[in-house]
Amino acid sequence: MNYHISTRAAALSPSLTLAIDSKAKAMKAAGEDVVGFGAGEPDFDTPQHIKDAAAAALAAGFTKYTPSSGIPELRQAIADKFKRENGLDYKPSQIIVSCGGKHSCFNVIIATCQEGDEVIIPAPYWLSYPEMVKLASATPVILPTTDKTEFKITPAQLRAAITPKTRLLVLNSPSNPTGSVYTPDEIKAIGDICVEKGVLIMSDEIYEHLTYDGAVVKSVASFSPAHKDHTIIVHGFAKAWSMTGWRLGFLAAPEPIAKAIDAVQSHSTSNPTSFAQKGGVAAMTGPQDHLPKWLAEYAKRRTYAWQKLNSIPGISCVNAKGAFYLFPNIADTGLKSAEFCARLLDEQKVAAVPGIAFGADDYLRISYATSMANIEKGLERLDKFVRGLKK
Ligand SMILES: *Cc1c(COP(=O)(O)O)cnc(C)c1O
């Protein structure tokens with residue numbers, strides 16, 4: 001049978017992060033001592049009070065359909081979060097709860113972009129953004145950056161990329177994969193241009209709470225009512241509450257866009273899991289004392305990994321200010337990222353994600369959402385691998 005695959009689906013690139021990850025898992029299952037730097041999720045457990053709230057909801061029979069955009073209690077709790085932490089006034093009707101931050105991103109793109117539209121995506125980018133844009137039959141316009149600007153685009157670069165077809169700019173600060181964080185001034189300058197040019201911003205703020213060295217995260221929506229009117233904030237529970245498997249994310253949008261996304265979601269997934277939403281309420285309204293502990297641990301690992309990486313000849317690494325990734329430059333090793341990572345896994349049993357997956361072939365992504373013991377062992381092996389490369 002010659003199956004017909006839609007052009008839309010056939011155009012997608014398979015996920016390179018998942019490919020490395022599945023090979024590393026297979027090696028592990030075969031009993032090999034693999035060190036994984038590929039994780040895109042916290043290595044901490046979901047805080048107990050959140051699990052308890054979901055378990056109680058399940059036990060109480062909270063197992064039916066909910067309103068497709070989320071239960072009012074959770075949408076209100078999220079609106080309260082934006083008011084309290086970001087000084088932003090959203091009505092609960094402007095909040096859409098979805099099946100993960102990734103799903104929120106997808107909903108934004110599918111509800112605002114179509115054939116002929118251009119979406120500006122700074123690289124290195126989270127690998128799903130360009131694929132989502134392609135799924136919407138729109139065109140990704142990639143703006144490359146390097147470690148010399150801490151992987152940030154400049155206002156001039158943005159201005160030059162905007163055309164009459166530009167519909168959306170994707171911002172992700174703190175960034176996956178680079179860990180870089182735009183300063184409030186830098187974010188405002190970018191937001192100013194989008195307001196002037198009438199370009200929407202999808203601001204993926206899922207790492208908002210994970211920052212180091214006093215880095216300040218300010219939402220682009222918070223500079224003026226006009227900035228807010230041009231911004232859709234995407235966020236979720238996966239990272240700061242370690243709830244990746246719960247599939248729970250949310251967004252805040254101008255009313256007409258929220259309404260369109262509500263329609264999209266009501267005809268695709270319907271509501272996110274009912275009892276997971278009750279866990280979400282506990283995450284939003286309960287104690288946040290897990291976070292300083294996690295941040296202290298991440299910060300320790302980050303400093304160690306950053307110093308160790310910079311001690312390896314041929315590797316240089318700017319320090320990250322947020323998220324839980326480092327993005328070292330490997331250009332001087334003479335290898336491109338896919339070959340580097342494939343050989344690193346084969347020869348030293350260390351799994352890292354090649355930068356090419358994020359549109360930056362001179363780099364790798366190292367996740368430090370793993371134990372200090374793993375980081376020490378894995379980076380020792382990485383050191384050995386690089387020193388053993390024949391120039
Ligand atoms: C993890 C992540 C998300 C959302 O993940 P979900 O598990 O779908 O909530 C969104 N954007 C970025 C950049 C991420 O790293």
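**View 1. Helices H12 and H14 lie roughly parallel to each other.** In this predicted model, helix H12 (residues 290–310) and helix H14 (residues 372–387) pack at an angle of about 10°, with their axes 10 Å apart. Axes here are lines fitted to C-alpha atoms, for helices over the stretch in contact, and angles run from 0 to 180 degrees between N-to-C directions. Angles under 35 degrees count as roughly parallel, over 145 as roughly antiparallel, 65 to 115 as roughly perpendicular and the rest as oblique. On the H12 side, the contact (heavy atoms within 4.5 Å) is made by Lys-300, Arg-301, Tyr-304, Ala-305, Lys-308 and Leu-309. H14 contributes Met-372, Ile-375, Glu-376, Leu-379, Glu-380, Leu-382 and Asp-383. By class, you will find 7 nonpolar, no polar and 6 charged residues in this contact. Ala, Val, Leu, Ile, Met, Phe, Trp, Tyr, Cys and Pro count as nonpolar, Asp, Glu, Lys and Arg as charged, and the others, Gly among them, as polar.

A word on conventions: residues are numbered from 1 along each chain as its sequence is written, and side-chain values use heavy atoms, leaving out hydrogens and water. Local features need pLDDT of at least 70 and side-chain atom pairs count only at pLDDT 80 or more, while totals for chains, interfaces and linings use all residues. Helices (H or I, at least four residues) and strands (E, at least two) are DSSP runs, numbered from the N terminus.

**View 2. Helix H6 (residues 128–135) is mostly covered.** Look for Ser-128, Tyr-129, Pro-130, Glu-131, Met-132 and Val-133. These buried residues pack against helix H5 (101–112) and strands S3 (118–123), S4 (139–144), S5 (166–172) and S6 (200–204). Just after H6, Ser-137 takes a positive phi of about 65°.

**View 3. An open, mixed sheet of 7 strands runs in the order S2-S8-S7-S6-S5-S3-S4.** Strand S2 (95–98) and S4 stand at the edges with a single partner strand each, so one side of each is left without a neighbour in the sheet. Neighbouring strands are turned by 20° against each other on average, direction ignored. H5 packs on this sheet, touching S2, S5, S6, strand S7 (231–236) and strand S8 (249–252), and its direction makes about 155° with that of S7.

**View 4. Strand S5 pairs in the parallel sense with S3 and with S6.** Two strands pair if DSSP finds at least two bridges between them; S3 and S5 share 3 bridges, and S5 and S6 share 5. Glu-118 has Thr-166 of S5 as its bridge partner, while Leu-169 is partnered by Ile-201 in S6. From S5 the chain crosses through helix H8 (residues 184–197) to S6 in a right-handed β-α-β crossover. Right-handed here means that, with the strands pointing away from the viewer, the path from the first strand over the helix to the second runs clockwise.

**View 5. The loop between S5 and H8 holds Pro-174 and Pro-177.** A cis peptide bond joins Ser-173 and Pro-174, with omega about -5°. The bond from Asn-176 to Pro-177 is also cis, with omega near 25°.

Note on methods. Buried means under 20% relative accessible area, exposed over 50%, partly exposed in between (1.4 Å probe, protein chains only).
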